[in-house]
Amino acid sequence: MKDKTFRNKIKPAFSKLRKDYVVSTIASSVLSFCTTSLFALYNGFLGIYLLSVWHGSICVFYLLLVLIRGTILLAERKAKLSRAANKSEKEQIRYKAFTISGTLLLLLSLALICPIALMVRLEKPVGLSLIPAIATAAYTTYKITMALVHVRRQKRKKHRNILVAELRTINLIDALVSILTLQNTLIMIKSGEEAGNMLVLSAISSAAIYLLIVIITVYLLIVGRKQHTENN
């Protein structure tokens, strides 16, 4: 009887999570917030334990990502819980958070320069075992899968929430950076000659991914400002 009552209570919540695009975005972003925090701490630990500049710089990147997601989630919660605020005031709350997080996104792009430069120069002060490579591969697979699923869903959904669009874009950027992280991890576990042969591939792929991240960031900021103007 208790199990049936529990199922009856939890079923509507799951149904809403599946059908409501905004709610599902917030829920997945909370999960991403937790996994990214753990991955940031993981890279921070490797940076300190192995005295690795690469892992330290990646840790800084993921900490900025956590800060951006946290800013957006708190602003959206504030907008949702503010009963006294009208639609225009809620839009202002969201746009203010968008402006702050957009600025942090630009800093995020700058923070990527250091690890990418290290990777292109194939500076690997320490060799890694297969365990970090497996952990990074698992994280990368998860991020890419989730990003592709949500990009497909976003094309089918109509919404005017600027923060929801930003959260989806951040998930895509997170997935792209995880590819860079996996690439560098694979280089680290290779021997010197094998790693040296990957220099051209590493430089081209890193430049392409970084350029794509910058384009996505600038496009998001332009679209967000345009949407805010239209809503007002």
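Trainee: How near do the axes of helix 3 and helix 4 come, and at what angle do they cross?

Mentor: First, what kind of model this is. It is a predicted model, in which local features need pLDDT of at least 70, side-chain atom pairs count only at pLDDT 80 or more, and totals for chains, interfaces and linings use all residues. Residues are numbered from 1 along each chain as its sequence is written, and side-chain values use heavy atoms, with hydrogens and water left out. Now the angle: axes are lines fitted to C-alpha atoms, for helices over the stretch in contact, and angles run from 0 to 180 degrees between N-to-C directions. Helices (H or I, at least four residues) and strands (E, at least two) are DSSP runs, numbered from the N terminus. Here the axes of helix 3 and helix 4 come within 9 Å and cross at roughly 175°.

Trainee: Which orientation does that give helix 3 and helix 4?

Mentor: Angles under 35 degrees count as roughly parallel, over 145 as roughly antiparallel, 65 to 115 as roughly perpendicular and the rest as oblique. Helix 3 and helix 4 are therefore roughly antiparallel to each other. Residues of helix 3 in the contact include Phe61, Leu64, Ile68, Ala75 and Ala79, and those of helix 4 include Lys90, Ile93, Arg94, Ala97 and Leu108. Contact means heavy atoms within 4.5 Å. By class, this contact of helix 3 with helix 4 has 16 nonpolar, two polar and five charged residues. In this scheme Ala, Val, Leu, Ile, Met, Phe, Trp, Tyr, Cys and Pro count as nonpolar, Asp, Glu, Lys and Arg as charged, and the others, Gly among them, as polar.

Trainee: Ala79 is on that list. Is Ala79 buried or exposed?

Mentor: Buried means under 20% relative accessible area, exposed over 50%, and partly exposed in between (1.4 Å probe, protein chains only). Ala79 has 0% relative accessibility and therefore counts as buried. Leaving aside neighbours within four places in sequence, Ala79 is in contact with Lys90, Ile93 and Arg94. Ala79 and Gln92 are 13 residues apart in sequence and 9.1 Å apart in space, C-alpha to C-alpha.

Trainee: How do helix 4 and helix 5 cross?

Mentor: The axes of helix 4 (residues 87–111) and helix 5 (residues 113–120) come within 5 Å and cross at roughly 20°. Helix 4 and helix 5 are therefore roughly parallel to each other. Ser109, Leu110 and Ala111 of helix 4 meet Ile113, Cys114 and Pro115 of helix 5. The residues of this contact divide into five nonpolar, one polar and no charged.

Trainee: Where does Asn184 lie?

Mentor: Asn184 is in helix 7, and at 4% relative accessibility Asn184 counts as buried. Outside the four places on either side in sequence, Asn184 is in contact with Trp54 and Met119.

Trainee: How many cavities of 30 Å³ or more does the structure hold?

Mentor: Rolling a probe the size of a water molecule over the atoms shows where empty space is left. On a 1 Å grid over the protein atoms alone, a cavity is a set of points where a 1.4 Å probe fits but cannot get out, and lining residues have an atom within 4 Å of a point. Grid points are joined across faces, edges and corners, and a volume is the space filled by probe spheres set on the points. The structure holds two cavities of 30 Å³ or more, and about 40 Å³ of space lies in the second largest cavity.

Trainee: Which residues lie nearest the centre of the second largest cavity?

Mentor: They are Tyr42, Asn43, His55, Thr136 and Thr185, from a lining of 10 residues. Helix 2 gives the most to this lining, with four residues. By class, the lining has five nonpolar, five polar and no charged residues.

How values were computed:
1 Å grid on protein atoms, 1.4 Å probe; cavity = no way out; pocket = protein on both sides within 12 Å on 5 of 7 lines; lining within 4 Å.
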